[in-house]
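Subject: A structure for you to explore

Hi,

Here is the structure I promised to pass on to you. Please open it beside this email and have a look around before you read on.

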Amino acid sequence: MRHLIFTGLISLLVVFPVVMAAEIAPELEAQLQQMDDEAFITVMIEMADQFDTPALDRDLKQRRATRQQRHYEVVTALQDWANRTQADVLNWLDQQELQGKVQNVQSMWISNLIFADMQKAVVYQLAAFDEIATLHPNYEMELIEPVRTENSRETGSLRRVESGLEAIRADEVWAMGINGEGTLVSNVDSGVDGNHPALADRWLGLERPWQECWYNAQDPNGSQFPIAVDGAHGTHTMGTETGLGVATGDTIGVAWGAQWIAAGVEFSGGSTQRLVNSLQWIANPDGDPTNDDDVPDVCNNSWGSSTPCRTVYDGVIQNCEANGCAIVFSAGNSGPGPQTIGSPASSILTPYTVFAVGAVNGHGSNPPYPIASFSSRGPSGCDGQTIKPEVSAPGVEVRSSVPGGGYQSSGWSGTSMAAPHVSGTMALMRQVDPNIEVDVMKDILMSTAIDHGSPGEDNDYGWGVIDAYAAVMEVFARLSAFEGTVTDAESGEELRETHVYIEDTAFETVSDVNGFYHLSAQPGEYFISAERFGYYDFVSEISYTIASQETIIVDIEMDARPTGTLYGMVTDTQGNPLENAGFSPVGVPVDPFYTDGNGEYAVELPGDYEYTLFVYAPDHDPQEITVEIPAGSEVELNVEMVFVQSFEESDGGFTLSGSGNEWEWGAPTEEGGPAFAYSGDYVWGTDLDGVYGSNRRYNLITPTYHIGIDSTAKLVFYTWYELSEGWDGGNVAITTNAGEDWTIIDPVGGYPDDSIVGLGGARGFTGDSDGWERVEFPLADYLNQDVQFRFRFGSTNDPQRGWFIDNFALYGSTDFGIDVPSTQTQIQTPLYYELHPNYPNPFNPFTLIHYQIPRSDWVSLRIYNSEGRLIRTLVEGEQPAGAYSVEWDGKRADRRPVPSGIYYYRLDAGEFSQTRSMVLLK
């Protein structure tokens with residue numbers, strides 16, 4: 001009888017739908033009419049009482065909540081809301097399941113939804129529930145496939161940077177040191193080949209449980225490693241978000257420093273449930289609302305339907321974004337007609353949700369970039385008026401990763417190729433400001449986009465083509481800042497290299513040589529912290545409330561820790577004191593200190609630390625020494641230094657043997673070898689001003705030296721070589737009988753090759769040393785003997801620049817270096833050329849540029865803008881060897897201030913040249 005009552009109710013509901021509490025979507029009704037009574041259909045139950053996410057979002061913004069706070073409050077609120085409002089419906093479904101009428105009930109919280117497989121009668125019974133708004137089918141959603149013209153794998157030489165990345169100026173962002181490092185990107189797509197060389201090393205699952213880093217929507221407990229579950233599409237889009245082939249230097253991704261996770265979906269056979277499950281997983285991958293480091297900064301999506309304005313997805317997307325993850329959608333490939341953007345990209349829930357991306361051809365050398373004919377156009381089908389898409393990005397013939405380790409561009413055109421450019425750019429923005437709100441990021445992308453097409457926002461380009469550089473600079477500009485000077489509380493001395501930061505945030509900086517710091521921050525209330533070697537940690541006594549784009553001055557006084565005393569003497573191996581021998585503490589902000597005329601030194605250093613000291617003196621081999629200095633104690637450290645033959649005063653008494661010998665003593669040239677000596681000006685080399693000859697065999701032989709009874713005896717020198725690998729090479733041999741017999745000796749770690757053709761199959765140096773390198777040869781087998789060393793070189797028929805030797809030293813010798821001149825050059829002379837990073841960087845308004853030159857040279861230090869135009873010359877003229885610091889005040893040669901942006905500084909000194917970048921923020 002009870003069954004008959006329900007049957008009557010169903011008939012009544014069918015005839016008079018107005019009495020239903022819930023709506024049955026027309027698509028579901030059509031499917032029900034075609035079903036047998038005993039068959040099952042998957043139904044999505046949209047609850048009537050949806051959580052007020054906008055209200056919570058406003059409250060979180062007003063409280064300036066961190067990402068972690070936001071994640072916890074949004075997830076727990078959504079879960080609690082679902083538990084409370086779904087209870088009656090779930091209980092009723094459980095009863096129906098016991099009767100065999102319902103299967104596979106799944107409660108969702110990312111939006112207030114329930115999925116269940118049920119018979120036709122159950123659907124009509126559910127329509128009577130006041131708690132339910134709409135009953136939907138499990139809509140089939142489609143992957144937005146690329147517009148393919150051909151399908152060919154490119155396996156030739158890889159490119160440096162993809163043209164689309166340059167079109168959005170991502171390469172200019174990388175030059176600022178911003179590449180997405182520390183951020184996490186994701187996609188809901190057809191799966192990702194986790195073994196692809198452009199992606200493999202940055203999958204988050206290498207350091208976290210796989211369940212938190214890969215979700216297979218068809219079989220969540222199946223594959224434990226990312227795979228392409230439904231074609232190559234997801235691997236291609238992920239490559240554009242974050243791809244980098246480290247081994248090849250091939251750059252295909254916008255945020256190539258980011259890590260990634262992915263959800264793989266098979267789109268055939270009903271996809272709404274899979275997609276909602278995927279986005280719920282994206283919102284909380286590890287299931288722990290107290291932890292947010294697994295929640296991606298952005299999620300790229302390239303799926304939808306041709307039916308516009310299916311609003312059931314609005315809540316899912318809105319809640320993901322309230323949770324801190326930006327959701328980006330492809331606009332679709334149904335252009336060029338108007339109103340061709342499908343669901344959910346057509347949604348107009350807010351000005352930023354849903355964020356749809358159109359496609360342009362970004363292969364031209366300069367903008368404007370034409371809109372692709374296939375790119376879907378607005379306005380939105382939800383109201384026929386709202387302009388869509390929001391922005392555009394390169395999407396024509398985009399080269400990126402495909403499963404199997406290859407790369408393709410032919411046939412890969414579509415808005416689904418454009419959207420990952422936007423997702424990757426959001427990761428760059430999040431690196432600058434980890435707590436930037438999702439809608440703020442989207443607003444910046446729209447406001448900084450390069451306007452194309454009709455002036456202003458239009459239904460082709462949206463607001464225009466994104467400009468990653470302008471967007472990142474705008475993120476910088478919107479940050480507030482603390483500034484001040486760090487000093488010693490007792491002496492007032494300005495303290496450089498002090499780490500100033502805000503606890504539990506990503507905001508940190510380092511004070512410059514004048515103790516000045518500039519600390520960017522979001523608006524909020526903060527305590528300022530600082531730490532520096534040799535000082536107690538500092539935390540401000542009060543909190544500071546900082547408003548948007550406000551600068552607050554906070555000076556910091558640091559209290560020094562107790563010190564200890566380090567003292568001693570530096571001598572050569574004959575016991576002679578070395579004046580002006582230097583000690584440089586490694587890795588700590590302590591100035592170098594030097595010996596006096598008696599070779600003695602004494603210095604007070606922060607106590608209770610273990611120091612690594614780099615000890616150096618002219619014409620002597622430098623050393624690294626570790627010593628612990630307790631607070632309040634005195635520690636004696638005496639250093640004995642070994643003479644080094646730098647070949648500046650003479651050729652060292654080395655002699656040549658062998659016909660056609662090309663060994664030369666003198667200054668090298670870049671045409672024939674290294675651009676400069678390791679130390680000073682002179683070296684021994686196979687040919688100083690050109691390549692060595694073919695089919696040569698010749699030697700360079702040292703004078704005779706006596707090795708004492710020191711068990712640490714060793715030969716040390718610096719070497720530079722560029723030789724035909726495996727064919728040409730050189731090795732070192734020793735004799736104890738004036739050259740009657742020679743024995744090859746091996747450096748620590750061995751030679752690069754065990755069989756070199758030019759050396760008759762003997763082992764030796766070959767290939768490329770990649771700069772000057774230090775090599776050591778143990779001599780414990782030759783104690784208390786007279787020895788000579790032979791540098792043997794052999795070539796075949798592919799001449800290169802050759803083999804070079806500098807700073808020759810012999811440990812344990814009793815007669816090596818006795819005749820060293822008593823006069824010493826100043827030890828402050830650097831050993832090599834170098835242009836150091838400026839600091840602070842970014843800066844406003846001043847920055848310091850440091851460089852060093854090992855010998856007197858004509859020096860030029862110049863500033864260029866991002867277009868390569870010279871705007872200021874800071875140094876131009878002859879300078880003696882030494883280390884230098886030059887300040888730039890952010891002004892041109894005519895003293896007018898330059899605008900915010902990337903600038904380049906270039907050092908030219910003799911044959912040496914180096915360029916670095918810096919960022920000026922105003």
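Below is what was found in it, starting with the whole protein and then going to single residues.

A word on the ground rules. This is a predicted model, so local features are given at pLDDT of at least 70 and side-chain atom pairs at pLDDT 80 or more, while totals for chains, interfaces and linings use all residues. Residues are numbered from 1 along each chain as its sequence is written, and side-chain values use heavy atoms, with hydrogens and water left out.

**The whole protein**

The protein has 14 helices and 57 strands. Both kinds of element are DSSP runs numbered from the N terminus: helices are H or I with at least four residues, and strands are E with at least two. Along the principal axes, the C-alpha atoms fill a box of roughly 115 × 70 × 60 Å.

There are 922 residues in the protein, and 55% of them count as buried. Here buried means under 20% relative accessible area, exposed means over 50%, and partly exposed is in between, using a 1.4 Å probe and protein chains only. The accessible surface comes to about 37,300 Å², and carbon and sulfur atoms account for 47% of that. Such areas come from the Shrake-Rupley method with a 1.4 Å probe, and for residues only the protein chains shown count as cover.

Now for contacts, meaning heavy atoms within 4.5 Å. Of those between residues at least 6 apart in sequence, 73% join residues at least 24 apart.

The protein carries 47 positive and 132 negative charges, and their mean positions are 7 Å apart. Lys and Arg count as positive and Asp and Glu as negative, leaving out His and the chain ends. Each charge is placed at NZ of Lys, CZ of Arg, CG of Asp or CD of Glu.

**Backbone details**

Most residues other than glycine have a negative phi, and most peptide bonds are trans. Here are some spots that depart from this.

The peptide bond from G335 to P336 is cis, with omega near 10°. You will find P336 in the loop between strand 14 (326-330) and strand 15 (355-360). The bond from K388 to P389 is cis as well, with omega near -5°, and P389 sits in the loop between strand 15 and strand 16 (391-394).

Although N695 is not a glycine, its phi is positive, about 55°. N695 belongs to the loop between strand 40 (683-685) and strand 41 (697-701) and is exposed, at 56% relative accessible area. N784 is not a glycine either and has a positive phi of about 60°. Its loop runs between strand 48 (773-778) and strand 49 (785-794), and N784 is exposed at 51%.

**A sheet to trace**

Strands of a sheet pair through backbone hydrogen bonds, either parallel or antiparallel. Two strands pair if DSSP finds at least two bridges between them. Strand 20 (residues 499-501) and strand 21 are joined by 3 bridges, and H499 has V510 in strand 21 as its bridge partner.

**Aromatic pairs**

How many aromatic pairs does the structure hold? There are 44. Rings of Phe, Tyr and Trp (its six-membered ring) pair if their centres lie within 6.5 Å; planes under 30 degrees apart are stacked, over 60 edge-to-face, and the rest tilted.

One of them is F51 with W81, edge-to-face at 5.6 Å centre to centre and 65° between the planes. This pair links distant parts of the chain, 30 residues apart: F51 is in the loop between strand 2 (40-47) and helix 3 (53-62), and W81 is in helix 4 (residues 67-85). F51 is partly exposed at 22% relative accessibility, whereas W81 is buried at 19%.

F789 and F808 also form an edge-to-face pair, 6.4 Å centre to centre with 70° between the planes. F789 is in strand 49 and F808 in strand 50 (residues 802-811), 19 residues apart. F789 is buried at 0%, and F808 is buried at 0% too.

**One last residue**

Finally, find T240 in helix 9 (residues 233-242). T240 is buried, with a relative accessible area of 1%. Leaving aside residues up to four places away in sequence, T240 touches I252, G253, V254, V398, S400, M417, P420 and H421.

Enjoy exploring!
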